[in-house]
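Here is a short report for a first look at this protein.

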Amino acid sequence: MRSAWVARRAGQANVSQMHYARQGLITEEMAYVARRENLPAELIRSEIARGRMILPANINHPNLEPMAIGVASACKVNANIGASPNSSNLEEEVAKLKLAVKYGADTVMDLSTGGGDLDAIRAAIIQASPVPIGTVPIYQAMEMVHGNMDLLTPEVFLEVIEKQAKQGVDYMTIHAGILIEHLPLVKNRLTGIVSRGGGILARWMLHHHQQNPLYTHYHDIIEIFKKYDVSFSLGDSLRPGCQHDASDAAQFAELKTLGQLTRRAWEHDVQVMVEGPGHVPMHQIEMNVKKQMEECSEAPFYVLGPLVTDIAPGYDHITSAIGAALAGWHGTAMLCYVTPKEHLGLPNAEDVRTGLIAYKIAAHAADIARGRPGARDRDDALSQARFNFDWNQQFALSLDPERAREYHDETLPADIYKTAEFCSMCGPKFCPMQTKVDAEQLTALEKFLSSQKALVPQQE
């Protein structure tokens, strides 16, 4: 779809959507997003120009179906996939991608750290993906040098970033906000540094006694991103890894740096979103969202969870979806899903499905709470189908039609029960929605109530 669109931009030094938006141009991608979101195209353009919305669309990802991430658009959900040294291969990662798209992922991040040819895996994922693909290039940089900090130079980082940009990666997590002076701030934490990329850079700085190379070479990264229209996803290396560490000095020191980096990228018309904390108690979520908006000049916020309690390994898709719904309500633009395997292991296909559905629920609940036009239409349609005992329509309108049908059919599998006016919970005699009040009964009831009011003195 986008091949002809991007061909017309050949030879331009900056091909970012923000660059065109700031020139007053509505690109084909912006117009497409406007139709998807049912919003005016000029609003999409102005939000991108302002930096409050991004449209991640690398010019080398032509089969992408453009989408937007921002507070003015619907709340989005990201799914993580990726090969590890212990598990996975190219075919399995492409299968995970297709599963994630099937269950509603708006973007997918390839977090591969090993287990095969990372370039080939990434190329296959991009080629198969209609949604934006994100990566964390520091993982491949570490893999290239086999974990040797002496060989992990700024040049290696830049080589990997440019290679992935050429392949068509739409946004990259760049951990440029963690500075050497931030490291002493983690000494009182229970869980220290839980970001994988942040941990790598912390070890690099401690080993070399030098400043974060992604910070010192930030302008070089900007120049790469301009050429391909790659969006920054500024990583939160010092995000809290437990309730105890939430909203501490380390987290907020990095956030201030992320705000500065956001504005530096905007000076070159490069798109930015900012990643947010992973473990935050419920009563601190609104404050965290508002603080990010203030520090980062309202750049789109992209949060992992946050998890609102730490006591439920195996159920962290639930502990985090609670926080995600609250974060979305308060203005977070995209939610990164958490699967039941979080903290425990590499998720399988069923975990991807479970995590995504939990987060689609959270994002949709946030859209309803924010009063987005039309957000509740599907709820009302499903409720009407439920009241009419139209089981097939209920299945069709649900987030996971296969699971809804499966649960219904566990006890009432025959086709005749698809039109039955009951389910196995109440049975045929006790379903309250069988209580129908027709117009004649309602008129008689109103007359009766009127007569009772006349007989009973009204109290002041």
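His343 lies in the loop between strand 10 (334-336) and helix 15 (349-369). The model is a predicted one. Phi of His343 is positive, near 75°, although His343 is a residue other than glycine. His343 counts as exposed, because its relative accessibility is 52% and the cut-off for exposed is over 50%.

Ser247 also has a positive phi without being a glycine. Its loop runs between strand 7 (231-234) and helix 12 (249-266). Ser247 counts as buried at 19% relative accessibility, since buried means under 20%.

| Residue | Phi | Relative accessibility |
|---|---|---|
| Ser247 | about 60° | 19% |
| His343 | near 75° | 52% |

Pro306 sits between strand 9 (301-304) and helix 14 (316-329).

Now the whole chain. It has 19 helices and ten strands. Its radius of gyration is 25 Å, close to the 23 Å that the globule rule gives for 460 residues, so the chain is as compact as a globular protein of that length. The C-alpha trace spans about 90 × 55 × 55 Å along its principal axes. Of the 460 residues, 54% count as buried.

What lies inside? The largest nonpolar core has 114 residues. Ile174 is among those with the most contacts inside this core, as are Phe225 and Phe232. Beyond its neighbours up to four places away in sequence, Ile174 touches residues including Pro137, Leu214, Phe225 and Phe232.

How values were computed:
Residues numbered from 1 in each chain as written. Predicted model: local features only at pLDDT ≥ 70, side-chain atom pairs only at ≥ 80, totals over all residues. Heavy atoms only, no water. Core = buried A, V, L, I, M, F, W, Y, C linked by side-chain atoms within 4.5 Å. Buried < 20%, exposed > 50% of the residue type's maximum accessible area, 1.4 Å probe, protein only. Contact = heavy atoms within 4.5 Å. Helix = DSSP H or I, 4+ residues; strand = E, 2+ residues; numbered from the N terminus. Rg over C-alpha atoms; globule rule 2.2 N^0.38 Å.
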